[in-house]
Amino acid sequence: MKRRSLLKLGIASGVVLAVAGGSLALLKPGLLADGKLSPAARQLMRAVALAVFDGLLPAEAAAREARLAAHLDQLDANIAGFPPHLRGELSQLLSLLTSSGGRLALTGLTSDWAAASVADVQASLQAMSLSSLGLNQQIYHALRDLSSLVFFSNAASWQLVGYPGPREIP
Amino acid sequence: MSSIVDPIKEGLARGWKVLGGKHGPLPTSLDCDVVIVGSGAGAGITAELLAKAGLKIAIVEEGPLKSSSDFRQLEADAYAQLYQEGGGRKTADQAMPVLQGRCVGGSTTVNWAGAFRTPEETLNYWVDIYGLKECGAEAMKPWFEQVEARLNISEWLTDPNANNSVLRRGALKLGIKAPTIHRNVKGCWNLGSCGLGCPTNAKQSMLVTTIPTALDLGATLMVQTRADKLELKGNQISGLLCQPVHADGSHAGPAFRITAKHYVVAGGAINSPALMMRSGLPNPNDLLGRRTFLHPTVASSAVMPEPVQGWAGAPLAVFSDHFLRTQPIDGAIGYKLETAPVHPGFAMTNLGGMGRTLVDKAKTFPHTSILIGLLRDGFHPEAGGGVVELKSDGSPVLDYPINGYLLDGARRAHLSMVEIQFAAGAKSVRPAHEQAQDYQSWHQAREAILALPYEPYITTIGSAHVMGGCAMAATPAQGVVQPDGQHWQVANLSVHDGSVFPTSIGANPQLTVYAQAARMATGLAKRLTERDVRLDSPAVPASAASAA
């Protein structure tokens with residue numbers, strides 16, 4: 001029962017207990033005061049997007065960067081709509097994942113998010129998705145599901161899936 | 001500019017009393033006959049009936065007032081604006097997303113319009129186990145009929161879309177019945193956007209039916225207003241403390257107090273118990289917030305030879321109760337089979353995967369069919385549901401453990417759905433499970449599914465039906481509220497929403513909430529005013545009612 005009582009504290013609390021102990025106060029929040037992704041968290045979510053949407057992003061560098069920038073802005077907009085407690089939990093999670101110790105302990109990635117290769121991030125996400133630890137599963141779904149919902153809800157992705165968009169109402 | 005007339009804009013123009021958010025400042029205090037917490041299925045029905053009885057009503061809704069001119073059929077808008085926690089509500093261990101409405105009309109504004117009467121075996125179980133003789137099938141029949149007349153609920157006669165045709169075709173081939181659903185729609189355009197808010201006002205949700213009727217009869221609607229705490233004095237509620245909130249739920253102004261003769265809690269089966277827990281209401285048998293059910297739901301996607309375009313057309317048109325009806329209600333868990341809309345954000349997220357898997361899914365997306373299996377929880381000791389708990393900031397979270405009993409049902413539901421999809425001609429099928437692959441034949445899929453580990457997280461499970469937590473029962477030992485919705489220990493408090501169900505119901509719950517709320521609110525109106533009111537009788541204006 002110990003595992004469940006740890007997990008039911010929620011994403012961030014579970015992560016904090018598992019990794020950070022009392023040092024959380026030393027970490028930078030993952031979300032800025034205005035609720036937007038911190039520069040480090042933006043790098044993290046960019047790396048996640050490159051891994052999750054590998055093969056679906058524009059091949060040409062400038063177009064790919066523009067699509068990624070739009071995706072990250074849309075993530076900011078979505079997160080801004082979350083209730084404060086959810087934003088708080090996400091901020092703590094991103095904070096841990098952007099610290100080198102937290103990243104290594106939770107994702108196994110040795111290089112930081114900006115430097116990690118697509119293959120490395122994919123392998124890390126894949127390992128978390130199949131982990132027997134609920135904590136790793138929670139982190140995988142938090143990163144992957146949030147990214148996916150934002151990416152595919154955006155009209156810029158509809159062509160990729162052959163969705164014509166909503167039927168027009170005259 | 002759309003040709004669709006917006007009934008909310010029209011109502012506001014003719015002077016509806018709507019406050020909060022952009023509609024004007026909230027009062028510093030308010031006194032009324034009855035305050036209703038929530039504006040969804042239970043709240044809407046209650047509001048109309050009590051307003052028809054001539055009572056001065058106030059409705060408190062935490063979400064915004066959005067209507068047809070705001071509904072643009074866009075996932076990017078809808079989840080963030082119309083759903084609890086910006087669409088991000090999950091169970092405590094994050095293993096199950098929970099879709100629940102948070103807007104005027106509640107979940108009725110965003111549901112997929114399936115309207116089922118409560119299955120008879122569920123009602124029989126409630127009579128037998130919980131002493132709810134008022135809920136027997138015969139006793140409930142007139143209430144279903146009344147609600148169905150009010151909300152235009154009838155069989156869906158339009159051809160099912162291609163996604164629903166997969167369920168029908170495959171099921172019939174296997175000798176399984178797959179009848180047509182009843183829906184609460186009037187002049188439906190068959191757009192397929194039910195889950196994103198109906199832009200044509202065809203769905204007869206509370207947003208376009210009972211809430212407007214109550215407002216026309218003089219009710220006050222407070223939006224972006226959180227019901228924070230009921231104040232208890234002796235065995236009576238003496239006031240409701242409310243908190244104005246921004247769209248994201250953060251504080252938007254000073255708290256204020258509503259006083260009323262009677263208080264109806266109808267905020268849905270997570271928020272209603274949470275409000276009562278925050279308020280420290282008596283809970284002598286430790287039942288409050290316990291036995292909260294979800295119809296844990298699993299999915300299977302198939303690539304069909306024909307274009308499916310599962311985003312278009314009524315998302316629910318066909319269903320099968322075969323796997324509910326052919327086994328005992330309290331044995332191995334049964335499941336109802338339905339379909340899910342195939343919108344890009346919803347489907348590509350919930351079907352899982354990344355990289356190569358997503359590229360393949362994207363390519364075949366227009367040919368993708370999705371079936372879902374809804375597990376009937378609450379009838380077996382191993383399906384006791386979850387527990388609503390409060391976080392340190394007072395917000396609720398549902399702790400719902402996924403155990404082996406449920407996971408066995410998930411595996412069997414996957415097997416049933418995959419067999420149906422292949423019977424319907426699928427080229428490949430993939431159950432929503434992190435370790436599943438695309439299977440090319442029923443034989444291959446069956447072997448693989450029997451070998452897959454069924455564990456939380458890797459088995460994709462979600463929910464859109466939250467029920468229970470404030471069970472009604474004939475004795476206080478078994479229930480939080482009495483069979484008429486009245487709280488067992490608090491004199492002027494009733495609960496009128498899906499939280500009163502003592503089990504899940506094994507069907508999409510909206511019509512059950514409507515019918516139970518109609519029964520309870522009609523009785524409450526009679527107790528408070530001596531008047532007989534009905535949903536299917538014309539509304540008498542407040543001025544005429546008070547003169548009567």
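**Exercise 1. The interface of chain B and chain A**

Task: Find how many residue pairs are in polar contact across the interface of chain B and chain A, and then work out what the chain B side is made of.

Solution. Step 1: across this interface, 16 residue pairs are in polar contact, both residues being at pLDDT 80 or more. A polar contact here is a pair of N or O atoms within 3.5 Å; within protein, one must be able to donate a hydrogen and the other to accept it, and residues adjacent in sequence count only if both atoms are side-chain atoms.

Before you go on, a word on the model: it is predicted, so local features need pLDDT of at least 70 and side-chain atom pairs count only at pLDDT 80 or more, while totals for chains, interfaces and linings use all residues. Residues are numbered from 1 along each chain as its sequence is written, chains are lettered from A and ligands numbered from 1 in the order in which they are written, and side-chain values use heavy atoms, with hydrogens and water left out.

Step 1: look at the chain B side that touches chain A. Helix H3 (75–82), helix H11 (344–350) and helix H12 (356–363) of chain B each bring at least two residues to that side, and H11(B) gives the largest share, 5 residues. Helices (H or I, at least four residues) and strands (E, at least two) are DSSP runs, numbered from the N terminus.

Step 2: sort that side by residue type. You get 21 nonpolar, 18 polar and 11 charged residues. For this sorting, Ala, Val, Leu, Ile, Met, Phe, Trp, Tyr, Cys and Pro count as nonpolar, Asp, Glu, Lys and Arg as charged, and the others, Gly among them, as polar.

Step 3: now the size. About 4,100 Å² is buried between chain B and chain A, and carbon and sulfur atoms give 60% of it. Buried area is the accessible area (1.4 Å probe) that two parts lose on being put together, summed over both. Asp248(B), Met354(B) and Tyr457(B) supply 17% of what chain B buries against chain A, more than any other three residues.

Step 4: finish with the salt bridges. There are 3 between chain B and chain A, a salt bridge being a side-chain nitrogen of Lys or Arg within 4 Å of a carboxyl oxygen of Asp or Glu. Lys391(B) forms one with Glu89(A), with the closest N and O atoms 2.9 Å apart.

**Exercise 2. A hairpin in chain B**

Task: Describe how strand S14 (residues 387–390) and S15 of chain B pair.

Solution. Step 1: S14(B) and S15(B) run antiparallel, over 4 bridges. Two strands pair if DSSP finds at least two bridges between them.

Step 1: pick a bridge. Glu389(B) has Val397(B) in S15(B) as its bridge partner.

Step 2: check the turn. This hairpin has 5 residues between the strands, and Gly394(B) takes a positive phi near 90° there.

Step 3: check the faces. In a regular strand the side chains alternate between the two faces of the sheet. In S15(B) (residues 396–399), Pro396(B) and Leu398(B) lie on one side, Val397(B) and Asp399(B) on the other, and all are buried. Buried means under 20% relative accessible area, exposed over 50%, partly exposed in between (1.4 Å probe, protein chains only).
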